[in-house]
Amino acid sequence: MKPALHIFRSLPPPGARRPCALTIGNFDGVHRGHQAMLARVRAAARGRGLVPAVMTFEPHPREYFAALNQRPELAPTRITGLRDKLDALARCGIEQVVVERFNARLADMAPDAFIERLLVGGLGARWILVGPDFRFGRKRSGDIELLRQAGKAHGFEVETLEDITDAHGHRISSSEVRTALAVGDLTRAQHLLGHPYHLSGHVVHGRKLGRTLGYPTLNVRVTPRCAARSGIYVVRVHGLADSPLPAVASLGVRPTVENHGRVLLEAHVLDVPALDAYGKLVRIEFLQQLRDEEKFPDLPTLTAAIAEDARNARAYFAVHGL
């Protein structure tokens, strides 16, 4: 039985602090490079009797500075939301996650204070793993050498792990995953992630337009600035039955029926007459992009396009199965 994941929205209270093996980063997507780091953390923790732990940040530091400088276009898109990130970290054997709010206080914290207040005093880090280009503290002025020196003074070890590459020597990174998703290359995204790309969320009420058109949908809100390309996809829906359900999904702002809609994921489960899904947590796994999102001149044209999408999704499952 796996230990429970303990999640802290700031530093753990004194009574909950346990010496840990720690890695620090954003872990967007928890891709294969991240998974290698987390496996090393888990092994180090096991060998030293420590808790395997992660410190991550909300919002992403680049997102914070983009807003601060009024340059929203510089904020990175998000591969997954926080729920999916935490779930992936738990599946990788992490037992403690500290989600530290990245704000002005943290951005302006001196490197020495970052080490002493957060890593040593707040988390009880005894072993720390970071990438070779890790920087921290005010204006990214802290580096690996400073961290190693502090480790000697405070009694923690520091290890670095070089970038993880694929069989072709290409670096596996969150940026690479974002690029693959932005162009709809789900095969490449799966290769980098180690599993099919997915989004999860609770099914919410929508406008019921799909039901009117004969194609009822499960509506799921997605994280802002979702990295996946807007479009129509063949998907699998997990969480509503003992096995995944075949479906076709739309990810986008629904330009035919909305003028200023927020991004929504709508999945039509194929050949299932009725589902009691409202409020349930579902995971929607992306298998193939069928086409980009389009604005149609009227609802009959939209309905015909949905019918064609459903036929194409059935054809996919006829060949590939679930």
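Student: Which residue just after H3 takes a positive phi?
Tutor: Keep in mind that this is a predicted model. Step off the end of H3 and check the backbone there: phi is positive, at about 90°. The residue is glycine 93.

Student: Which residues of H3 are buried?
Tutor: Buried here means under 20% relative accessible area. An α-helix has 3.6 residues a turn, so residues three or four places apart point the same way. In H3, the ones that are buried are Leu82, Asp84, Lys85, Leu86, Ala88 and Leu89.

Student: And what do the buried residues of H3 pack against?
Tutor: Look at both helices and strands for this one. The partners of those buried residues are strand E1 (6-8), helix H1 (32-48), E3, strand E4 (96-101) and E7.

Student: How many cavities of 30 Å³ or more are there, and which elements give two or more residues to the lining of the largest cavity?
Tutor: The count comes to three cavities of that size, and the largest has a volume of about 90 Å³. Its lining has 13 residues, with Asp28, Glu58, His60, Arg78 and Lys85 nearest the centre. Two or more lining residues come from each of strand E3 (51-58) and helix H3 (82-91).

Student: Which residues touch the most other members of the largest nonpolar core?
Tutor: That core has 33 residues. Elements giving it two or more residues include helix H7 (174-182), helix H8 (186-193) and strand E12 (281-292). A second, separate core of 30 residues includes Ala53, Tyr64, Met109 and Ala125. Back in the largest core, the residues you want are Tyr197, Val237, Leu265, Ile284 and Phe286.

Student: What is phenylalanine 286 in contact with, leaving aside neighbours within four places in sequence?
Tutor: Contact needs heavy atoms within 4.5 Å. For phenylalanine 286, that gives Leu186, Pro196, Tyr197, His198, Leu199, Tyr233, Val234, Val235, Leu251 and Leu265.

Student: Why does serine 10 count as partly exposed?
Tutor: Serine 10 is in the loop between E1 and strand E2 (20-24), and it touches Val98, Val99 and Glu100, not counting residues up to four places away in sequence. Serine 10 counts as partly exposed because its relative accessibility is 39%.

Conventions. Residues are numbered from 1 along each chain as its sequence is written. This is a predicted model: local features need pLDDT of at least 70, side-chain atom pairs count only at pLDDT 80 or more; totals for chains, interfaces and linings use all residues. Side-chain values use heavy atoms; hydrogens and water are left out. On a 1 Å grid over the protein atoms alone, a cavity is a set of points where a 1.4 Å probe fits but cannot get out, and a pocket is an open set with protein on both sides within 12 Å along at least five of seven lines; lining residues have an atom within 4 Å of a point. Grid points are joined across faces, edges and corners, and a volume is the space filled by probe spheres set on the points. Helices (H or I, at least four residues) and strands (E, at least two) are DSSP runs, numbered from the N terminus. A nonpolar core is a set of buried Ala, Val, Leu, Ile, Met, Phe, Trp, Tyr and Cys residues joined through side-chain atoms within 4.5 Å. Buried means under 20% relative accessible area, exposed over 50%, partly exposed in between (1.4 Å probe, protein chains only).
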